[in-house]
Amino acid sequence: MPSLKELKGRINSVKSTQKITKAKQMVAAAKLRRAQSAAEAARPYATRLSAVMASLAGKVSGSAAPRLLAGTGSDQRNLLVVVNTDKGLCGGLNSNLVKAAKAKARELQAAGKQVEFYLVGKKGRAPLKREFPNLIGEGFDTSTVKTPGFTEAEAIANELIAMFDAGQFDVAHLIYPTFKSALAQEPTVTQLIPVPAPAEAASGDAVVQYEPGEEEILEELLPRYVRTQLFGALLEREASEQGASMTAMDNATRNAGELIQKLTIQYNRSRQAAITTELIEIIAGAEAL
C-alpha cells in the first residue's frame with residue numbers, strides 16, 4: 001500500500017503530464033486546420049495533371065515514349081519509397097505505414113523480386129531496419145525543415161529520377177498516409193516510377209493539337225508529375241501527423257483525467273483510514289487512563 005506522500009506525488013505527476021498532453025492537443029488542432037487545407041487544395045491539381053497526362057500518353061507509344069513512362073522493360077528491382085513522420089506521439093500512424101511497407105516488401109519478395117527501401121522521415125527507419133537490415137538504401141531527412149514543402153519534394157524527385165536513369169531500380173512504389181479525418185489516416189501504396197500509364201484517357205469530341213509535340217511535352221510533364229505526387233504525399237503526411245497527434249493527445253488527456261480520479265479516490269480512502277486509526281489509538285489510550 002503506497003503512502004499518502006507517494007500518492008500525492010503521483011497525482012501531481014499525472015496532473016503535470018495532463019497539462020502537457022492538453023497543450024500538445026491544442027497545438028496539433030491549430031496546425032491541423034492549415035495542413036488539412038493545404039492537402040485538400042493540392043488534390044485537384046494532381047487530378048487535373050493526371051488527366052492531361054492521360055491525354056498525352058494515349059498519343060505516344062513504343063520507342064517514342066519517354067523512359068519515365070515506358071520504363072526499363074523489367075520489374076525485377078523494386079524501390080519502396082516510404083514517407084514516415086519525423087516526430088512521434090501520433091498514435092498508430094507510423095506503425096501502420098511500416099506494416100504496409102513490410103507487406104509490400106514481402107509480396108514482392110514472394111514473387112522473386114529484389115527490394116530496397118528509400119526512407120523519407122525518421123520514425124520508420126528503426127522498425128524496418130530491424131526486419132530488413134540489408135535492404136535500407138538511400139533516404140531523405142526532412143527533420144531539418146519545419147514544414148516540408150515543394151522544395152523538399154523536388155529534391156526527393158530529382159534524386160529518385162537520377163537513380164532511375166542510373167539503372168539502380170526498375171520500379172519505384174510510393175507508400176504514404178492519406179488523410180481522411182482526424183480519426184482515420186489510411187496507408188496508400190502507389191506506383192511512382194515509371195509513371196503508370198492511365199487506363200483510359202478522358203473522352204471528348206474536341207480535337208487537341210499540341211505545340212511542341214506530345215513527346216516533348218511529356219518529357220517535361222513526367223518529372224513534374226513525379227514531383228507533384230511526392231509533394232502531395234508530404235502534404236498528406238503533415239495533415240495525417242497532426243490529425244493523429246491531436247487524437248492521441250486527446251486520448252492521453254482523458255486517460256490522465258481518469259487516472260487522477262482513481263488516485264484521488266485511493267488517496268482519500270488511505271487518508272480516511274489513517275485518521276480512523278489515529279482516532280482509535282487516541283480513544284484506546286484515553287480508556288487505558
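Start by selecting Lys104, which lies in helix H3 (residues 93–110). Helices here are DSSP runs of H or I with at least four residues, strands are runs of E with at least two, and both are numbered from the N terminus. The model is predicted: local features need pLDDT of at least 70, side-chain atom pairs count only at pLDDT 80 or more, and totals for chains, interfaces and linings use all residues. Residues are numbered from 1 along each chain as its sequence is written, and side-chain values use heavy atoms, with hydrogens and water left out.

**Stop 1: Lys104**

Is Lys104 buried or exposed? Lys104 is buried, with a relative accessible area of 16%. Buried means under 20% relative accessible area, exposed means over 50%, and partly exposed is in between (1.4 Å probe, protein chains only).

Now show what surrounds Lys104. Setting aside residues up to four places away in sequence, Lys104 touches Leu80, His173, Ile175 and Val189. A contact means heavy atoms within 4.5 Å.

Lys104 forms a salt bridge with Glu107, and their closest N and O atoms are 4.0 Å apart. A salt bridge is a side-chain nitrogen of Lys or Arg within 4 Å of a carboxyl oxygen of Asp or Glu. Side chains of opposite charge can pair when their charged atoms come close. Lys104 and Glu107 are three residues apart in helix H3, so about one helical turn separates them.

**Stop 2: Glu131 and its partners**

Select Glu131 and Lys102. Their side chains meet in a salt bridge, at 3.1 Å from N to O. Glu131 lies in helix H4 (residues 125–131) and Lys102 in helix H3, so this pair ties together parts that are 29 residues apart in sequence. Lys102 counts as buried at 17% relative accessibility. Glu131 counts as partly exposed at 35%.

Arg106 is in helix H3 and Glu131 in helix H4, so the pair ties together parts that are 25 residues apart in sequence. Arg106 counts as partly exposed, at 42% relative accessibility. Shared partners join Lys102, Arg106 and Glu131 into one salt-bridge network.

**Stop 3: a positive patch**

Which residues form a positive surface patch? Select Lys24, Arg33, Arg34, Lys87 and Lys146. Patch residues have over 30% relative accessible area and no salt bridge; like charges are joined within 9 Å, and nonpolar side chains (Val, Leu, Ile, Met, Phe, Trp, Tyr) within 5 Å.

Zoom in on Lys146. Its place is in the loop between strand S3 (136–140) and helix H5 (150–165). Lys146 is exposed, with a relative accessible area of 78%.

**Stop 4: the whole protein**

Zoom out and colour by secondary structure. The protein has six helices and five strands. Follow the chain along the sequence, and the pattern reads α-α-β-α-β-α-β-α-β-β-α. Of the 289 residues, 41% count as buried. How many salt bridges does a search of the whole structure find? The search finds nine. Among contacts with a separation of 6 or more, 78% join residues 24 or more positions apart.

Definitions and conventions. Accessible areas come from the Shrake-Rupley method with a 1.4 Å probe; for residues, only the protein chains shown count as cover. Lys and Arg count as positive and Asp and Glu as negative; His and the chain ends are not counted. The place of a charge is taken as NZ of Lys, CZ of Arg, CG of Asp or CD of Glu.
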